[in-house]
Amino acid sequence: MALQKPDPMGRAIEAYWKGNKEAAVLVYSDQMEPDELPASYLFREPAEMPEREQFALSQACGKVLDVGAGAGSHALALQAAGVEVTALEISDNACAVQKARGVQNILHGDFFTLPATKHDTLLLLMNGIGLAGTVEGLPHFLEVCKKWLAPGGQVLLESSDILYLYEEEDGSVLLDLNGAYYGEMTYMMEFEGERSAPFPWLFIDFNLLEQYAQEAGLAAELLLQEEDSHYIARLTVA
């Protein structure tokens, strides 16, 4: 019998749903101090979502695939608006909560290995493009996205340029030019003593994203740029 992989995020989602309103995931990274992600944030209503998420949801159309759907809040918002949406999620616990919350279409599995079916919109919110892991992994990630896209379809994604993390007090930027891309981070998550294995997560500036998208035969369009460096972009087959 295979051992179940640690699932701190899914377990926190489940705990919150079952009544632990203080449930929070501890987030460790190689670039920042440890932080907490309250599970309540993953259950927000549309009016509580950041402007960029509300905007992205307004742009979703046709048959939508919500990649890394978590507790299902984005899928539920689209569902309530009459949009045909499927919540794709790798966590057993999160999928169970989605079902209990009323998400109608749930796809349990790994975005990279599931048989791809065609969708008009791929939704990658909460820095969903981070699934690429690294810049080196981005070409493969974009090819997988194309497999899930119907003709004329779009990828709506959120990311941010985290160059500000490396700014000095005088406004200069301190980077190791021989090191990895500054948006490549390594995370580990923990809930009630259960820790995930370390995993890579990519934040990418739009100019670099556009370059890689073009190499993959995709056109990149910057739809929304916020003051805190977050942005929403659209990728379409060129």
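User: Which helices and strands do the buried residues of H3 pack against?

Analyst: First, a caution: this is a predicted model, in which local features need pLDDT of at least 70 and side-chain atom pairs count only at pLDDT 80 or more, while totals for chains, interfaces and linings use all residues. Residues are numbered from 1 along each chain as its sequence is written, and side-chain values use heavy atoms, with hydrogens and water left out. The buried residues of H3 pack against helices H2 (51–59) and H4 (92–101), and against strands S3 (63–67), S4 (84–89) and S6 (119–124). Helices here are DSSP runs of H or I with at least four residues and strands are runs of E with at least two, numbered from the N terminus, and contact means heavy atoms within 4.5 Å.

User: And how many residues of H3 are buried?

Analyst: Seven of the eight residues of H3, which spans 73–80, are buried, where buried means under 20% relative accessible area, exposed over 50%, and partly exposed in between, using a 1.4 Å probe and protein chains only. The buried ones are Ser 73, His 74, Ala 75, Leu 76, Ala 77, Leu 78 and Gln 79. Just after the helix, Gly 82 takes a positive phi of about 85°.

User: Switching to aromatics, how many pairs are there?

Analyst: The structure holds 10 aromatic pairs; rings of Phe, Tyr and Trp (its six-membered ring) pair if their centres lie within 6.5 Å, and planes under 30 degrees apart count as stacked, over 60 as edge-to-face and the rest as tilted. One of them joins Trp 17 and Phe 43, which is stacked because the ring centres are 6.3 Å apart and the planes are at 10°. This pair links distant parts of the chain, since Trp 17 is in helix H1 (residues 8–17) and Phe 43 is in the loop between strand S2 (35–38) and H2, 26 residues apart.

User: What about Phe 206 and Tyr 231, what sort of pair is that?

Analyst: Phe 206 and Tyr 231 form an edge-to-face pair, with 5.9 Å centre to centre and 85° between the planes. Phe 206 belongs to helix H6 (residues 206–215) and Tyr 231 to strand S12 (residues 230–237), 25 residues apart, so this pair also links distant parts of the chain. Phe 206 is buried at a relative accessible area of 13%, and Tyr 231 is buried at 1%. Elsewhere, Phe 111, Phe 112, Phe 141 and Trp 148 form one aromatic cluster.

User: Now Arg 52: buried or exposed?

Analyst: Arg 52, which lies in helix H2, counts as buried at 11% relative accessibility.

User: Which residue does its side chain make a polar contact with?

Analyst: The side chains of Arg 52 and Glu 158 are joined by a polar contact of 2.8 Å, that is, a pair of N or O atoms within 3.5 Å, where within protein one must be able to donate a hydrogen and the other to accept it, and residues adjacent in sequence count only if both atoms are side-chain atoms. Leaving aside neighbours within four places in sequence, the residues in contact with Arg 52 include Leu 224, Asp 228 and Ile 232.

User: Last one, how many helices and strands overall?

Analyst: The protein has six helices and 12 strands, and buried residues make up 50% of its 238 residues.
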